[in-house]
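Dear colleague,

Please find the structure below, with its sequence. My notes on its core, its domains and its chain contacts follow.

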Amino acid sequence: MTIAALETEGLTKRYGRRTALSDTTMTIPAGRVVGLVGPNGAGKTTLLHLAVGLLEPTSGSISVLGDRPGSGPEALARVGFLAQESPLYSRLRIDDHLRAGAWLNPRWDADFANARIAELGLDPRQRAGTLSGGQRSQLALTMAVAKRPDLLLLDEPVAALDPLARREFLQTLMEVVAAQSVSIVLSSHLISDLERVCDYLVVLVGGRVALSGDVDEILATHHLLSGPQRDPSSLPASQTVLEASHIGKQSTLLIRTTDPILDPSWTVTPVTLDDIVLAYMKRARDGVPNAPRGLAVAS
Amino acid sequence: MIEFHLDPSSGVATYLQLVQQVRQALRLGLLEPGDRLPTAQQVVTSLAINPNTVLKAYRDLEREGLVRAKPGLGTFVVGRLPRTDPQEQSRFRRSMTEWLRKARAAGLSPDEIEAIYRTAARDALAEEDIA
Amino acid sequence: MTRFTWLQSRTQTLAVGALLAALAIALAITGIHLSHLYSDLVKPCAANGDCGLATGEFSNHYNFLQGALMFLLRVAPAIIGIFWGGPLIARELETGTYRLAWTQTVSRQRWVLTKLAGVGAMAVLAAGLLTLAITWWYRALDSLNDSMWGVFDARDVVPIGYTFFAFMAGALLGAVLRRTVPAMAASLGLLVFARIAIQQWVRPHLLSPLHQTVSLANTGFGFMVRNGGRPDLVVKAGGPRGSWVINSQLVDHSGHVAGAAERMAFVAQNCPNIGPPPLSKPNGPVPAPPGAAAAFHNCADQAARTFHVLVTYQPASRYWPFQWLELGIYILLGLAAAGLCFWWVTKRII
């Protein structure tokens, strides 16, 4: 069995009265680009900070690439992190940052880092504080990638970027995936940011996992059925109704099923990932029990 | 060389869209055996999508016998898809144009015409294996 | 990590270095000049017998600089410690850069230790150079005093201790409060409190003070009325030459310290009509009533027969031992703060 990129078991994190993560159990496979999606306050940043050792769990456990997070230089070397809003030392220059990266990381790839800065058209002598938002996130990404980690975690990397910077950032990230074998987990509160790049999805709502699985499978197993008015409970057991709306004489149901839909009275249309995720987020917010972990038929 | 594009709002998985576009290109004669498909790196640069998606699409096409991956060189087209005779195509195109003209003359709006087409297409083409 | 710490503190270190260099030049020039003045004015005075005049003239030079340097050495430890220690960890927490620093391949232990040791060493070095330079500049002037006790906290080695403690306290408070400005303010408060508390309650007793009993006849004494109460007898005696008098108290013949009640009773009995002098009239001072002088002398003689003065003091010879002892205390305090800071950052800062 290959080592999972990230694994949690009953993970709970409380800040005083506020519970950020509640008894969260998940397994994120390695070698994928994983999207961590959820509304603000869902616990995404908390989960990522726990994964890099910036926080300690209140209870439960978390392991990253088989190790306890931040448990020493070896564990720290294997995980790269890009925190929210790309923290950098504003008064230091770009080349200062790269030199620091080389001093602080034994696996540092200086050729890659310098080549990236040149590709971006940045002057290495420029201070980080004078860079634009897109440039900052690119520099921060360069630093995280040049460390040559096995796992790269990114916390809302494109949230504050304009559409062009966003596209360029994701393009860079995907080029890295194509060139190196590195697992990626990136979080966002907008699924549309991540749709094109993720092949695995974890939806986090209110500190709990609402949905997790392969993106292709999620898309293949969720369908929108529209047709004459129908009571959702009358559907076959293999079809789980996630959302139902009845307007006039018509019913529209969002269902999950691994079987083909044979009932001819239904018109079946594909659903976007956005709508699927929204449906699960609504269910979680309304307190409906969560989907089982993963959607694979055999698991 | 084929240029891929992505429709994120279609609800169709990205890799399926790539597969469809290759098959479409083969049908229209834009791709011929011997042509090289873009590398994962190239597709990633132009579309900013997951490279695994590209590889998955190419694997599917390879399973269908339409392409073959040559390690170190790239992925090349090796198969063909039945192409409709261009004359057949223009024959149908003409009858469709005629139908459209009649529909407009009868007072149908473009939206109504589109709705009629979609419903009819869904029913008539539903049995076909799209991918 | 050492190189990175240098990179981060590069600007402030170079700035302080430049300031110290400029100051060193100014001190060198004026200090050498002072040496020459001393040789010219003061050295020959013993032969001529006009030392009072000569030393007065000599110590009147560079008055502004004298005051400024004293002030500088009194506040420099606080400034260096607080401005270098306060932001050390607080700024990273405040700006969020800790999320970058703690996810490099450096353990948090090594991170905090290197920062504390590296920048701390710079702060101590700066304080040391400053103290050394100013103490050197003052050596001629200081030699005119009987003892160094009056300038204890602005000479030799204790300012280095203050700086060390201020720096570590700043770092600790910065880590706990997570904000630079509150950390600086809090560590300033802590430093002021520590310096006052140690100066008042610890320094006098670093080594057991010595005692000396002197006659009231050779000592200055006077009367004081507090808050409309009865007149009280007060003394202020000097100790041996160059000593630091911690306390002087009235004792009776059996060596028992005379309390306020006892003193006031003595005054009431033996020094009647003692009160504050009348206010001067516009034409000049008011002459004393007849017999007042005789009554006063009588009172004074009686006091000298009844009481002695017990002087509690530290001799001049203990100046250097006290410097090292107080330095040691502040170093221990600083190390305690550093230890707490280390523990906080590595274990509790989640």
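The largest nonpolar core holds 165 residues, and the members that touch the most others in it are Leu153(A), Val203(A), Met168(C) and Cys341(C). Please bear in mind that this is a predicted model. Helix H7 of chain C, residues 158-177, gives the most to this core, with 15 residues. Which residues does Met168(C) touch, leaving aside those up to four places away in sequence? They are Gly85(C), Gly120(C), Gly334(C), Ala337(C), Ala338(C) and Cys341(C). Another core lies apart from the largest one; it has 13 residues, including Leu233(C), Trp244(C), Leu250(C) and Val309(C). As a general point, nonpolar side chains tend to be buried together in soluble globular proteins.

Nine residues of domain 1 of chain A are in contact with eight residues of domain 2 of chain A. On the domain 1 side, helix H7 (191-194) and strand E8 (200-205) of chain A each supply at least two residues. E8(A) provides the largest share of that side, three residues. By type, the domain 1 side comprises six nonpolar residues, two polar and one charged.

With chain B: 18 residues of chain B are in contact with 19 residues of chain A. Three helices of chain B, namely H1 (14-28), H2 (40-47) and H3 (51-63), each supply at least two residues of the side that touches chain A. H2(B) gives the most to this side, with four residues. How many residues on this side of chain B are charged? There are no charged residues there; the side divides into 10 nonpolar and eight polar.

With chain C: 16 residues of chain C are in contact with 20 residues of chain A. Helix H1 (2-42) and helix H5 (98-101) of chain C each contribute at least two residues to the side that touches chain A. H1(C) gives the most to this side, with three residues. The residues on this side of chain C are seven nonpolar, seven polar and two charged.

With kind regards

Technical notes:
Residues are numbered from 1 along each chain as its sequence is written. Chains are lettered from A and ligands numbered from 1 in the order in which they are written. This is a predicted model: local features need pLDDT of at least 70, side-chain atom pairs count only at pLDDT 80 or more; totals for chains, interfaces and linings use all residues. Two residues are in contact if their C-beta atoms, placed from the backbone, lie within 7 Å. Ala, Val, Leu, Ile, Met, Phe, Trp, Tyr, Cys and Pro count as nonpolar, Asp, Glu, Lys and Arg as charged, and the others, Gly among them, as polar. A nonpolar core is a set of buried Ala, Val, Leu, Ile, Met, Phe, Trp, Tyr and Cys residues joined through C-beta atoms within 7 Å. A residue is buried if 20 or more other C-beta atoms lie within 10 Å of its own, exposed if 12 or fewer, and partly exposed in between; C-beta atoms are placed from the backbone.
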